[in-house]
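Here is a short briefing on one protein chain. Please look over the fold first, then the notes by topic.

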Amino acid sequence: MFRYVLTAALALSATPVFANDSIAELGTGGLILSRSDAVAMESEDLYISPEKVTVDYVFRNNTDRDVDAIVAFPMPDIEGDPNEMPAIPDGQSDNFLGFEVTIDGVAAKPQLEQKAFALGIDISADLKAQNVPFYPFGDAAKAALAKLPQAVADDWVDRGLIIEDTADDGSGMKTVYVPFWQLRSTYWWRSTFPANKAVRVAHRYKPSVGGTSSVSFFYDGQFQGQYAAYKTRYCMDQTFENAIRKAAKGNPDGTLRYFENRIAYILTTGGNWATGTIGKFKLTVDKGDPKNLVSFCGENVRKVGPTRFEMTAQNFYPEHDIDIFLLVPTDGGDGGSGG
């Protein structure tokens, strides 16, 4: 079972959190190959922190002939909903995660495939016809929508592509059109895997880190709210609960001055390589600061540094995704103690 709990230091906050205090994380994963019975994943070295995700692969073609394949990196879907703003590292770029890839140490230039959907219908052609960028949260898209002919704007509102949003911009209440479509993005490239040779592929990006402005599951001295769901998702145990209670008692007013961060890594989308397993798998989770507390599910995890925890496995089958929960001090205090 892919399960482990790490209690590293105290970091929580004091009051219950409501929907408008929360920013959703975008689940992001690794590379996907077009299906091949010839190319095996010899190893994967995965590093996850709040600042970056790096993945180093070794693929090996075990046959006597070269294999050409498409390799893809699916970006997380973006919902253009002004009321549900996700955590986006770069709010103005199509490459909103800052994705980079190298092949045998040489920088690659992948192609970007983008499509936009409204109510499940591909509306990419509509956006292109009006020169509206697909990325919904950038300033360029908002500027383009402001220039739409009224007949087009009315049609798009009726079809669910855009909505009217009324807000005070400092000079009074104004109504503007904002995107309401879904963006689906994939970076991809063609790659040759030479016969009986290994190919090293590495990629990196900045993760989407969701969070809350205060703790969402412990208040009035009790674990409540969504704690049951958190406990299952992040493998929180009795040690974790004891650390929370100790933190509350350690403050003069009995409150917890911390906030939540969350990172989601999709590990289960791969498996198109030969055997479907990873020969040597290594996961490193870096909590970023010794004062933070981190909890996630894993097996045979060990602490390898002040902020790093490591898991290794042989012939690993990616059966579960990785959800990481971080608790961060709001006041820069010592955060308590832990492993």
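Contact here means heavy atoms within 4.5 Å. By that rule, and leaving aside neighbours within four places in sequence, threonine 284 is in contact with Leu46, Tyr47, Ile48, Arg308, Phe309 and Glu310. The model is predicted. The chain has five helices and 24 strands. Buried residues make up 49% of its 339 residues. Among contacts between residues at least 6 apart in sequence, 78% join residues at least 24 apart.

- Strand 5 (residues 53–61) pairs with strand 15 (residues 197–205) in the antiparallel sense. Nine bridges link the two strands.
- Asparagine 61 has lysine 197, in strand 15, as its bridge partner.

- Threonine 284 sits in strand 20, which covers residues 274–286.
- Is threonine 284 buried or exposed? Its relative accessibility is 6%, so threonine 284 counts as buried, the cut-off for buried being under 20%.
- Threonine 275 also lies in strand 20. Its relative accessibility is 69%, so threonine 275 counts as exposed.
- The phi of threonine 275 is near 75 degrees. That is a positive value in a residue other than glycine.

- Asparagine 315 is placed in strand 23 (residues 308–316).
- Its phi is positive, at about 45 degrees, although asparagine 315 is not a glycine.
- Asparagine 315 has a relative accessible area of 57% and is therefore exposed, as the cut-off for exposed is over 50%.

**Nonpolar cores**

- The largest nonpolar core has 67 residues. Which of them touch the most other members? They are Leu46, Ile48, Trp156, Phe193, Tyr265, Leu283 and Ile324.
- A second, separate core holds 17 residues. Phe217, Ala247, Leu256 and Phe325 are among them.
- Beyond its neighbours within four places in sequence, isoleucine 324 is in contact with Ile48, Tyr234, Asn261, Arg262, Ile263, Val285, Val294, Ser295 and Phe296.

**Cavities**

- How many cavities of 30 Å³ or more does a search of the whole structure find? The search finds two.
- The second largest cavity has a volume of about 50 Å³.
- Its lining consists of Leu26, Thr28, Ile48, Val53, Tyr205, Pro207, Ser208, Ile263, Ala264 and Tyr265.
- Eight residues of this lining are nonpolar, two are polar and none is charged.
- Strand 19 (residues 258–266) gives the most to the lining of the second largest cavity, with three residues.

- Asparagine 95 lies in the loop between strand 7 (78–79) and strand 8 (100–103).
- Asparagine 95 and tyrosine 187 are 92 residues apart along the chain. Their C-alpha atoms are separated by 9.3 Å.

Notes:
Residues are numbered from 1 along each chain as its sequence is written. This is a predicted model: local features need pLDDT of at least 70, side-chain atom pairs count only at pLDDT 80 or more; totals for chains, interfaces and linings use all residues. Side-chain values use heavy atoms; hydrogens and water are left out. Two strands pair if DSSP finds at least two bridges between them. Helices (H or I, at least four residues) and strands (E, at least two) are DSSP runs, numbered from the N terminus. A nonpolar core is a set of buried Ala, Val, Leu, Ile, Met, Phe, Trp, Tyr and Cys residues joined through side-chain atoms within 4.5 Å. Buried means under 20% relative accessible area, exposed over 50%, partly exposed in between (1.4 Å probe, protein chains only). On a 1 Å grid over the protein atoms alone, a cavity is a set of points where a 1.4 Å probe fits but cannot get out, and a pocket is an open set with protein on both sides within 12 Å along at least five of seven lines; lining residues have an atom within 4 Å of a point. Grid points are joined across faces, edges and corners, and a volume is the space filled by probe spheres set on the points. Ala, Val, Leu, Ile, Met, Phe, Trp, Tyr, Cys and Pro count as nonpolar, Asp, Glu, Lys and Arg as charged, and the others, Gly among them, as polar.
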